[in-house]
Amino acid sequence: VKSFQQKRVQIPFGRALAMVGAHARSRLGTQARSVVFVVVYLLLTQALVFRVPIREGLGVALGIAATVAGLAFFLEGLFLGIMPLGEQSGLGLPGKAGPALIALFSVVLGITATLAEPAIGILKVQGGAVLPWDAPVLYLLLNRGSTWLVWAVAAGVGIAVALGMFRFLFGWSFKPFVFILIPILVAATFILERIPSLKGVMGLAWDTGGVTTGPVTVPLVIALGVGLSRIVGARQGGASGLGVVTLASALPVVAVMALAAALAPLVPDPGRAAGFFSPEPELRRKALFVAGSEAALGVLALEARDAGHLGAADFGYAFPEGLSLDQETTTGNSTRPLAGHFISAAKAVLPLALVLIAVLVVFLRQRIRGMDEVILGLAFAVAGMFIFNFGMERGLAALGSQAGAALPRAYEETVRVDRAITVRGVSSAEIVLVAGPQGPGRFVWIQGASGAELVPFFGENWNPGTGEYRHVPVESAVFSSLGTYAGFGAVLVFVFILGLGATLAEPSLSALGSTVEDLTTGTYSKRTLMHTVALGVGLGLAAGFGRILFDIPLFWVLGPPYAAALVLTWFSSEEFSAIAWDAAGVTTGPVTVPLVIATGLGLGAGASVSFGVVAAASVFPILAVLISGLANEARARRSVAREANL
Amino acid sequence: MTQTGMVGESMSKISCVADAQVSTLVAEALEDLALPELFIQRCKQVTMENRTRFLGFGSRTDMAQDRAELFRFYVPKRHEAGVMRRVAEAADLYLPGRGSIFAEDASVYRGDAAVFDEARLHALAAGEPGPAEQHAVLCCIVQRGMADTLASTILEMGLCVPIISFGEGMGLRNRLGLLRITIPVDKEVIYFIVPERDADLLEGIAVHKARLDRPGQGFIYRYRVRARAVNLRVLRGKRSQVASMEQVIAVIDDLRGSSEWRRFSPAGRKKDRAGSAAGSLVCVSLITEEGQVGRFVAAAMEAGAGGATLVPLEHRSYTGTEASLGTATTADPAAAAKNPGLASHARETCDLIIPAGILDAVLAAVDEAGLYKPGVHGIAECTQVVKAVTYTQEAGGRSQ
């Protein structure tokens, strides 16, 4: 057999530079368009609605530019390097390996993907504010037990990838998986939420499912599935090859719930700090299990005392000998050093790529197609993720934090300590009683910017001896004239639009959109999918934050939408079901999650309560895509049926 | 010719485009015929649709895209008409909107000859076949995103229902080294099935609309087919007439022999453009197992072929017990026993339009590169091309 090598065409340097320039402009332009909506929206909301100045404007602008460049590089890397590697592995495996080897490969791939996934770290940041006595299991999982959490999730993802591959190999339908898994998960949530020690963990479990399917794992798993199903032959519709992401989102939830249930008897029941630090042997043993060591428990107790959670008497009772610990405060930088970002990016991309390359070269004995392109793609992916992470932290996430911090102004008064003034010459004569709906209140006359002002009087701010009074202005809620619920409504509208905009910039969704467009020959376009999913995420975020604002149990936010999704799945085609459920896994990626968390923290919700928002943002896109798919299919059926009835 | 270990047969190549809602019926009909080999290409049929505006305020006409599958298979020439009739009836392809079926002559070269169940074909595809009409198929390759614009123009003129498929370019791009990443690989392949007399007009529109007379914009070629059923429904939606306008138009088309009567005359249109003589161009379609066609295209290009477009295919076989398992046939049982994995259904094809004079050299080159070796599942299919148009530097523009 003779091998032919096509002659290389030499392009002059100037022309080559122009070609690269045009290509880069096109890619950067596309990404700039994908983030411009959310950036402009955040800036306008902050400046015009909440009237808060943008802090660190230059840094934010540079961060946003880095986000755009990072996304462009990362997506280029995804399409040049990661997805072709995944597809080639999918195409090569069934020909050489039996089911056992494919299962082994899938489990290894799933575990590697999860261990490399940077988003787990985001959950830990979110859980930084969890108090050990409030939610001991949650605290344990996010601190000392975080390795157990990661391995539980990794096992879930590994089994999910293996099951997904088997589904393609043996032609199993997608629907039974969701009809079995999802009701079990929803029922388990309903039951476990009623157990006090596990209540706080349910949100984490569901969020883990959404968060672990990140920007590298998802495109890789999709490409692998598409390749594998092409080998087997797509008899179930064009979009077979999808559905693995759904399993990779659902099985980690099972794994985390099981882990939490196993740990629950070993930790104290949730309650007050005094109970948690009680010196009774049984309780102390459980508290030590949560903290990890005597020293760590001591640090927790000192922090609790300093924060006012543990009274001096309770502290003395808990630790009669006192504590002499070298407390190391982890003040930490709010921003990670550049090297950290780079290592995180390399960890997310390279181990997975190496597993695939090893399988292709060593096991399948295949030459990697377009090797130069794949290597360039992997380099782009690492560089892109590095620049993107850096940019997100300085740009969009910072902007999101500022907007999030301003959000409570929508429905509650803001104490403006920064505008406090001290007035002199205040005597009891200036303090007057003013009648009000709750009885008379004390007010004081002071000189304001536009003459004398009557403002509420607080005794603790007045020094009768010197006649000085410290006035701290209080701004009323932005929507106070419309009532508290209008403020809540404004918050929900804010997060709805935020979700809508952030989703359009999600790289995993872009990869899924391209795959779906290819598989359906453009009849279900990437644009339609992205817009439909964005609408779903917006609604999901509104529901998730509604849960925080109105203190609704997680079951009621997730249960009914999942029930509706199951009903719609029943009536949907196999392929649209897989597209819709996969969309749920890809929506919550590196753009949306930091913004959601920044907003959640801005609202000041209890940390354990704020879990579950990501899960809510995942379920509504399923509904949106299923409805859109049903409409699409109905139109196609009608068009053929109409002619038959003529 | 230097082909070794290869069989060449003169066959009928049948192509059947079926809407996704009826493609199962086509597959079942072909399964009944126990065809040893067929290839499925994902595609879509594009039509115009009248849609009512929000709250019933008037209506608008949009382009509607319906998923479809393009079945490609070979049968002995004597069974062509019977097989087409059988498939067309099974899927009711005579009804507008369902699909089209047509055939052409092809020389097929492969490692082993395909074995047909003659008795079955004779029993199921016998009978009076009915007349097949001469049509032209124009195949246009453009950059991804251009097909909709072109299809929309053709639909607005009521010429035919375009069929669009996705592909990847394999020409000059692959010779640029890493710089190739700056050139979009994604292409769209559009098929137009029209009465022969409409082919010139359609080609003119396509060249003008898709800017095919400019460098790097694309390529169009045409070939003759014998059509059994052609999807004529260019418009769908609410109608006020008892019979649809397309049905009326189709009847008049039929009476007049073409759609010339409903065409506006573009100013300055050349009436008699010089074209290549029939038989001077050949389309060589190389079909191989997924991931392998590249090296055979390189061999063909070395022998003088120009650019090519890669389109993924799914392979199916409806013979023997393996067909029911959905696996491909394996020629070597010992190899199959040694290999624990599945036989692949993934294939890919590249169409190369070459002058008839270099056909032998191209066939010899792909043979030498190992197209017919076991494991490649290679097929070289040659069909006549009436005319091809693209930009070439030598001509300073259009080349025919």
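Modeller: Take Ser89(A). Leaving out residues up to four places away in sequence, Ser89(A) touches Phe105(A), Leu224(A), Leu356(A), Leu360(A) and Leu364(A). Keep in mind that this is a predicted model. Ser89(A) sits in helix α2 of chain A, which covers residues 57-96. Is Ser89(A) buried or exposed? Its relative accessibility is 0%, so it counts as buried, the cut-off being under 20%.

Now move along chain A to Arg365(A). This residue is in the loop between α15 (338-363) and α16 (371-394) of chain A. Its phi is positive, about 55 degrees, although Arg365(A) is not a glycine. Arg365(A) is exposed, because its relative accessibility is 68% and the cut-off is over 50%. Ala34(B) has a positive phi of about 50 degrees and is not a glycine either. The place of Ala34(B) is the loop between α1 (23-32) and β2 of chain B. Ala34(B) has a relative accessible area of 6%, so it is buried.

Chain A also has an open sheet of 3 strands. Their order is β2-β7-β6, and the pairing is antiparallel. The edge strands are β2 (421-423) and β6 (462-463) of chain A, each pairing on one side only. Strand β7 of chain A spans residues 468-471 and pairs with β2(A) over 3 bridges. Which residue of β7(A) is the bridge partner of Ile421(A)? It is His471(A). In general, strands of a sheet pair through backbone hydrogen bonds, either parallel or antiparallel.

Next, charges. Side chains of opposite charge can pair when their charged atoms come close. The structure holds 27 salt bridges over all chains. In chain A, one of them joins Arg305(A) and Asp306(A), at 3.7 Å from N to O. Arg305(A) is partly exposed, because its relative accessibility is 36%. Asp306(A), at 57%, counts as exposed.

In chain B, Arg110(B) and Glu37(B) meet in a salt bridge at 2.4 Å, N to O. Arg110(B) lies in strand β4 (residues 99-110) of chain B, and Glu37(B) in the loop between α1 and β2 of chain B, 73 residues apart. Arg110(B) and Glu37(B) are both buried.

Arg224(B) and Glu196(B) also form a salt bridge, 2.5 Å from N to O. Arg224(B) is in strand β8 (residues 218-229) of chain B, while Glu196(B) is in the loop between β7 (186-195) and α5 (199-209) of chain B, so this pair ties together parts 28 residues apart in sequence. Arg224(B) is partly exposed, with a relative accessible area of 42%. Glu196(B) is partly exposed too, at 31%. Then there is a network: Lys77(B), Glu80(B), Asp105(B) and Arg226(B) are joined by salt bridges that share partners.

Step back to chain B as a whole. It has 10 helices and 15 strands. Of its 400 residues, 54% are buried. Take the contacts in chain B between residues at least 6 apart in sequence: 81% of them join residues at least 24 apart.

Last, the interface. Arg67(B), Arg175(B) and Ile181(B) supply 14% of the area that chain B buries against chain A, more than any other three residues.

Across this interface there are 6 salt bridges. One of the salt bridges in the model pairs Asp518(A) with Arg144(B), with the closest N and O atoms 3.3 Å apart.

Conventions
Residues are numbered from 1 along each chain as its sequence is written. Chains are lettered from A and ligands numbered from 1 in the order in which they are written. This is a predicted model: local features need pLDDT of at least 70, side-chain atom pairs count only at pLDDT 80 or more; totals for chains, interfaces and linings use all residues. Side-chain values use heavy atoms; hydrogens and water are left out. Two strands pair if DSSP finds at least two bridges between them. Helices (H or I, at least four residues) and strands (E, at least two) are DSSP runs, numbered from the N terminus. Buried area is the accessible area (1.4 Å probe) that two parts lose on being put together, summed over both. A salt bridge is a side-chain nitrogen of Lys or Arg within 4 Å of a carboxyl oxygen of Asp or Glu. Buried means under 20% relative accessible area, exposed over 50%, partly exposed in between (1.4 Å probe, protein chains only). Contact means heavy atoms within 4.5 Å.
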